[in-house]
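Open the model in your viewer and keep the selection tool ready. This tour goes stop by stop.

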Protein chains: 2
Amino acid sequence: MARRILGIDPGSRITGFGVIDVIGQQRHYVASGCIRTPQGAPLTERVKVLVDGLFDVIATYRPTESAIEQVFVNVNPAATLMLGQARGACLSALVMRDLPVAEYTALQVKQSVVGHGKAPKEQVQYMVVTMLNLSGTPQADAADALAVALAHANHSGGAIGALARQGLRIKGGRLA
Amino acid sequence: MARRILGIDPGSRITGFGVIDVIGQQRHYVASGCIRTPQGAPLTERVKVLVDGLFDVIATYRPTESAIEQVFVNVNPAATLMLGQARGACLSALVMRDLPVAEYTALQVKQSVVGHGKAPKEQVQYMVVTMLNLSGTPQADAADALAVALAHANHSGGAIGALARQGLRIKGGRLA
């Protein structure tokens, strides 16, 4: 049975999503895009836009599992709190739709998609375009979300993927 | 028509909730308690416990509005992110049940319930017990949640309460 992975790059302003199909060793692009939360609007309204947006994506594309980037910002506590709230809203939407959720750090995504953890953003995007045979480059957050989905597709065949599907953090590199 | 307020004190380990009825100038205790998320469990499982727990509270007590403490921690970015995620999950549960959500800082809660913003935690709890005529002191997080609900009851009669109900932050003190 084909697996359909929903990848998510959570953000307090823009949350990217990307959906891919995994059939054996093949990965096929299904959809990608961004959910933009209205700036200046109350936090509760932004949370609602985010959750409703993800519900729409899940209802439309019916993924069988999901993967979300493990964010970490150190700019200031207020920004970290805000990002945490957005990520909490994303996780809520996923678990409420009973989707298995795997988590990957940005380092793991880069290692998986590009082959090393220090790859610049542009190289990740280039690999996303190449691996999914896209005719254009998706918006940056959507591309990041597709990269998370691809990382999950790569990892989740093995034992580390099984751990990640249980939500455990994977430290270390790409599976051989 | 009576208002029933659900107050929430979000936390990454323990989230307190408190439900009160507001009838004119009277406040009546309805219920309070804690939702404990399983430590060591994957984040997604903890988010699910939190969201499901709040859904249960909402289904059981049918509040007409909600108020949540505006948290802020500065211990370290990881703790701040974790707390943000818990708070994001709480907000998701509230907005998905179409509850109006007001936000109050700890300072505002203390000002409203005790009369000044530097009151120690014990004094807030004492006022909660007194104002709601409780026979015992609730668990600390449940008491904090009841204090948030009381603060909202006090504020939401006036213009600042109307702002808070729209999710706007209130800077400054208690309404005269």
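**Stop 1: the annotated site**

Select A:Asp9, A:Glu69 and A:Asp141, which an unreviewed UniProt entry annotates as "active site". They are spread over 133 residues of sequence, yet they cluster in space, with a largest C-alpha distance of 11.2 Å.

Before moving on, some ground rules. This is a predicted model: local features need pLDDT of at least 70, side-chain atom pairs count only at pLDDT 80 or more, and totals for chains, interfaces and linings use all residues. Residues are numbered from 1 along each chain as its sequence is written, chains are lettered from A and ligands numbered from 1 in the order in which they are written, and side-chain values use heavy atoms, with hydrogens and water left out.

**Stop 2: A:Asp9**

Zoom in on A:Asp9. It lies in strand S1 of chain A, residues 3-9. Helices (H or I, at least four residues) and strands (E, at least two) are DSSP runs, numbered from the N terminus. Is A:Asp9 buried or exposed? It is buried, because its relative accessible area is 10% (buried means under 20%, exposed over 50%, partly exposed in between; 1.4 Å probe, protein chains only). Now show its contacts (heavy atoms within 4.5 Å). Leaving aside neighbours within four places in sequence, they include A:Glu69, A:Asp141 and A:Asp144.

**Stop 3: A:Glu69**

Move to A:Glu69, in strand S4 of chain A, residues 65-70. A:Glu69 counts as buried, because its relative accessibility is 14%. Beyond its neighbours within four places in sequence, A:Glu69 is in contact with residues including A:Asp9, A:Arg87 and A:Tyr104.

**Stop 4: where chain A meets chain B**

Show both chains. Here 30 residues of chain A are in contact with 30 residues of chain B. The two chains bury about 2400 Å² between them, 74% of it on carbon and sulfur atoms. Buried area is the accessible area (1.4 Å probe) that two parts lose on being put together, summed over both.

How many salt bridges cross the interface of chain A and chain B? The rule finds two (a side-chain nitrogen of Lys or Arg within 4 Å of a carboxyl oxygen of Asp or Glu). Select B:Asp98 and A:Lys48: they form a salt bridge, with the closest N and O atoms 3.9 Å apart.

Finish with the side of chain A that touches chain B. Helix H1 (43-61), helix H2 (77-96) and strand S5 (101-105) of chain A each give two or more residues to it. Color H2(A), which supplies the largest share, 14 residues.

Definitions and conventions:
UniProt positions renumbered as here; feature names shortened; annotations may be inferred.
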